[in-house]
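Open the model in your viewer and keep the selection tool at hand. This tour goes stop by stop.

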Amino acid sequence: MVMVLEKINNYTRRQRGGFALLYGGLLALVMAAIEPGGVIVRSADRVDFVGRIDAMADLAWLSHLTSILIAIAAVTIIAGLMVVWNTAHEEGLDCTGTRYGLMMAGIGAGIGVLGEGLDMMMVIAIDDGLGAGAAAGSDTVMQVALAMHSVKAGFAFVAIPLVMLGAASMALGLMPILPRGFHRGAALFTAAVGVVWTTLFWIIAAIIDFEGWDVINGIGGLVAVLWLMLLGRSMVSGSIGAHNNT
């Protein structure tokens, strides 16, 4: 343990922030993929609340695990983003866009964590009941579970656009200190995807029976997280800096 801590301390603050983005993003992607009722495990459509609830209740252990680790991943990413803001400030950038994006993405991630807490409580209610006549598996408990999942969906409608626009704002704000070529192209692509995705979100999110939304949602989130991971890798390698402006 001491050797591990010594090795971590040998990295610069900027490198440690890069590792936070890299591994926090990877953890978030893996947990989101295997969350019951999501992409891979017992997949259910976004409007099939009963199907998603059943999947989470049947695999309660996995539901709890993914909820906890998604929360940890969100906090890890936020810690990395704080280092990104400090990096932009140290490199002499006008940090308005970076700071604004950081605040949006951080608040969005925080709201998402609250949704994971609702999932955990929902699974507990279904498995153990709520007392006072609301026994496990009863109609009353199912109605409460549906209400909790509806609230989580409402949180997502606010949180996801914040994360997407936050990533877009940061990508544009950090452009001057990113390495030329692929990294700047990836930042521009991420910013464009964030703006287009948010526009589509407001157009079709209210269309309850739109079957392609899960795909659009997944692609947008994947692009944003992959860019944060790429940013983290650049910070670890030391390729971010004002020298990229010359």
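The model is predicted: local features need pLDDT of at least 70, side-chain atom pairs count only at pLDDT 80 or more, and totals for chains, interfaces and linings use all residues. Residues are numbered from 1 along each chain as its sequence is written, and side-chain values use heavy atoms, with hydrogens and water left out.

**Helix pair.** Select helix H3 (residues 49-58) and helix H6 (residues 139-173). Helices are DSSP runs (H or I, at least four residues), numbered from the N terminus. The two axes come within 10 Å and cross at roughly 105°. H3 and H6 are therefore roughly perpendicular (65 to 115 degrees). Show Phe49, Val50, Arg52, Ile53, Asp54 and Met56 in H3; they meet Met142, Ala145, Leu146, His149, Ser150 and Ala153 in H6. Contact means heavy atoms within 4.5 Å.

**Largest core.** Next, select Leu21, Leu81, Met170, Leu174, Trp227, Leu231 and Met235, which touch the most other members of the 27-residue largest nonpolar core. Such a core is a set of buried Ala, Val, Leu, Ile, Met, Phe, Trp, Tyr and Cys residues joined through side-chain atoms within 4.5 Å. H4 gives the largest share, six residues. Center on Trp227: its contacts include Ala167, Met170, Ala186 and Thr190.

**Glu116.** Finish in helix H5 (residues 96-128), where Glu116 lies. Is Glu116 buried or exposed? Glu116 counts as buried because its relative accessibility is 7% (buried is under 20% relative accessible area, 1.4 Å probe, protein chains only). Among the residues Glu116 touches are Glu35 and Lys152.

Key. Helices (H or I, at least four residues) and strands (E, at least two) are DSSP runs, numbered from the N terminus. Buried means under 20% relative accessible area, exposed over 50%, partly exposed in between (1.4 Å probe, protein chains only). Axes are lines fitted to C-alpha atoms, for helices over the stretch in contact, and angles run from 0 to 180 degrees between N-to-C directions. Angles under 35 degrees count as roughly parallel, over 145 as roughly antiparallel, 65 to 115 as roughly perpendicular and the rest as oblique. Lists of a residue's contacts leave out its neighbours within four places in sequence.
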